[in-house]
Amino acid sequence: MIRLPYIALILGAICANGTLATAAENSIVWKSIGPNLLESADRQTWSVKNLPSGANPRSFEFFALRFHLGYYRIRLLSVADFAQRKSAQIAKEQAVDEDSPALFQLGVRAVFRTNAFADPMVAVAPAGFVTSSQQPTNFGLLKIDGQVETKLVPRGALTAIVCLNNAPTPDYQYQVPTFFRTADPNQTKLVDQCRDEVQTGPRIIEDPSVTTKGEFEANSNRYRAQIYNRTIEGKTVPETVFLGISEKEAFSTPYLRAALVVDDPGRFAEKESSNNYERDLARNAYVVVTTKPATLWDLQDMLSSPEFYANERYAPHWAVNLPGDDYATMIHVSSMSDSQQIRKDPVEVGIVDRRQASVLVVTKRP
Amino acid sequence: MQLLAALFGLVLLPLVCIGHPVMAAECLEDIEHAVGPTGSTPPSAQANDPKRTAGPILRCFLQEVKELKQELSALKQTIYDTTDEVYTISHPFTPDDLKDANHPLSFVHYIYADPSRHHVTLFLLRRDNNFTFNLTVNEFSLGTQMNNLIGFDLTPVLKTHALKTTRAGVDVALSAYPPHVQKIEMTPTHPNWDEGQSASLDGYVLVQRAEQAQ
């Protein structure tokens, strides 16, 4: 007689303080859409958990793709170069005269449909910012295969240079993307050395491999560090997450957003049991695109939360903002088999025909 | 004074009478009031007394001129009725304008309109050849337009999508616009050149005061 109301009371109290309600509401559902960890989270809603006082409660809708960097890779493509190299295919695909490339629709859909690479296409998302709609060249640094296409812009909000491959040796079996800081003179050499990179920003979660906790403590007004607890083999392992977005951003204008994210999946090699022991170690990368406006603070809230990763081993590593507003878009396969890609009915997010300056192309590794 | 009266009587009065007979009639009535009922004084005596006639008549005509000026000024202001501005659009293009993928054929107009006070209508006509065109207002896509736009109401989209100070979601102070500046962008697509090697997108944007226009 006493037990039932007592349990109800406890449950009621837990629900009232939001613990259960928040966990259920914010739990992201990742659906497998291909082999070797290719997952998508379609049309999910994130309710922002941590808001500074005075900020209104809010949520946003988003799509995300998660892929294992040992089996999938990110490439960089200049859209102008793509339009030139693939003009015949684009013209045929879009039923436009090949001599009129100014009429090509050069958004992520065109790149997805006219694969510029030999490997199977998985997804396309924006990379660099566009100078203007009338001059759709890349704004800021764009370097592809060692060739500088557009120059670095040293000041402004584009504070990150995403380098697609920062592996310690060239014969690494998997891709190690990172980012450098645009205005950090100590990283100029690293920027020069990287062969495929694009300037973007702002930085949402700082890369801990190039960040010391001391610099955050030295300027605690600007940066915050938080402890993220993950579980590896039954043990709680605390990780420090360096947050790049300041509190004032919680009050800024919300826009549609896109972000490139890399996690720390806590993987260990099992040499004897796998031929791919090295590539199995690789991190996961994510492309996130919101379909409802969000601030950078809102995005940071999600990307530093366990509910987003929905895997007790995974922890945040770094995240950068990509072109947003009308440029926040993505197209990815709805499913993919081991042998070949099925390109029917891709998932299209945002304005997929919006002219982009440069794009991130996710392909399947051989 | 006699000379002034003579000048008035011989030159200005006939001119005014021809140009504005109503005004002349009104002022002649004033003369009668000034000199008394017709016939009470011999005509020769009236004409010979400029002190009595010139002052009231001049005052009358000056008042009439003032009123006419006011009327003209009001008329000038309402000559386009409720229209505050008309922005004309004329963009001819040829196949040669379409050869560079890095220079999309895109026509941009910046207009001034306060959507809380103005009603904005777009008239956009394809000329010389058939083609479709994409229409974007304040960076918000209104999709591909298959037909000419006659009296296309832009006001609702201007109310919901103001021109933002942003480069792809990152606020840039240098990109700021003054209040109520609106950006209209047109991008021709799929011209068929059946009618020759030129085409044009022509029309105008009508900015009218909202309370009268609707």
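Which side chain meets Asp145(A) in a salt bridge, and at what N to O distance?

Author: The partner is Arg195(A), and the N to O distance is 3.1 Å. A salt bridge here is a side-chain nitrogen of Lys or Arg within 4 Å of a carboxyl oxygen of Asp or Glu. Arg195(A) lies in the loop between helix H6 (188-193) and strand S12 (197-200), and Asp145(A) in the loop between strand S8 (142-144) and strand S9 (147-150), so the pair ties together parts that are 50 residues apart in sequence. Helices (H or I, at least four residues) and strands (E, at least two) are DSSP runs, numbered from the N terminus. Arg195(A) is partly exposed, at 47% relative accessible area. Asp145(A) is exposed, at 54%. The cut-offs are under 20% for buried and over 50% for exposed, with partly exposed in between (1.4 Å probe, protein chains only).

A word on the model before going on. It is predicted: local features need pLDDT of at least 70, side-chain atom pairs count only at pLDDT 80 or more, and totals for chains, interfaces and linings use all residues. Residues are numbered from 1 along each chain as its sequence is written, chains are lettered from A and ligands numbered from 1 in the order in which they are written, and side-chain values use heavy atoms, with hydrogens and water left out. pLDDT is the predictor's confidence in each residue, from 0 to 100. Chain A has a mean pLDDT of 87, and 85% of its residues reach 70 or more. Residues 1-24 of chain A stay under 50. For that stretch the model has six contacts beyond four places in sequence, a contact being heavy atoms within 4.5 Å.

Back to the charges. Side chains of opposite charge can pair when their charged atoms come close. Over all chains, the structure holds 21 salt bridges. One of them joins Glu61(A) and Lys292(A), at 4.0 Å from N to O. Glu61(A) is in strand S3 (residues 59-68) and Lys292(A) in the loop between strand S17 (284-290) and helix H8 (296-303), so this pair ties together parts that are 231 residues apart in sequence. Glu61(A) is buried, at 13% relative accessible area. Lys292(A) is partly exposed, at 42%. As for helix H8(A), eight of its eight residues are buried. Among them are Trp297(A), Asp298(A) and Asp301(A).

Arg181(A) and Glu206(A) make another salt bridge, at 3.5 Å from N to O. Arg181(A) belongs to strand S11 (residues 178-181) and Glu206(A) to the loop between strand S13 (203-205) and helix H7 (213-218), so the pair ties together parts that are 25 residues apart in sequence. Arg181(A) is buried, with 10% relative accessible area. Glu206(A) is buried too, with 2%. Elsewhere, salt bridges link Arg230(A), Glu239(A), Asp264(A) and Arg283(A) into a network.

Now the setting. Chain A has nine helices and 23 strands. Of its 366 residues, 53% are buried. Take its contacts between residues at least 6 apart in sequence: 71% join residues at least 24 apart. Ser337(A) sits in the loop between strand S20 (335-336) and strand S21 (341-342). Beyond its neighbours within four places in sequence, Ser337(A) is in contact with Pro35(A) and Lys364(A).

Charge pairing also reaches chain B. Two salt bridges are found across the interface of chain A and chain B. Asp325(A) forms a salt bridge with Lys164(B), with the closest N and O atoms 2.9 Å apart. On the chain A side, the residues that touch chain B divide into 17 nonpolar, eleven polar and six charged. In that count, Ala, Val, Leu, Ile, Met, Phe, Trp, Tyr, Cys and Pro are nonpolar, Asp, Glu, Lys and Arg are charged, and the others, Gly among them, are polar. In total, 34 residues of chain A are in contact with 28 of chain B. The area buried between the two chains is about 2300 Å², with 52% from carbon and sulfur atoms. Buried area is the accessible area (1.4 Å probe) that two parts lose on being put together, summed over both. Ala102(A), Leu103(A) and Gln134(A) supply 25% of the area that chain A buries against chain B, more than any other three residues.
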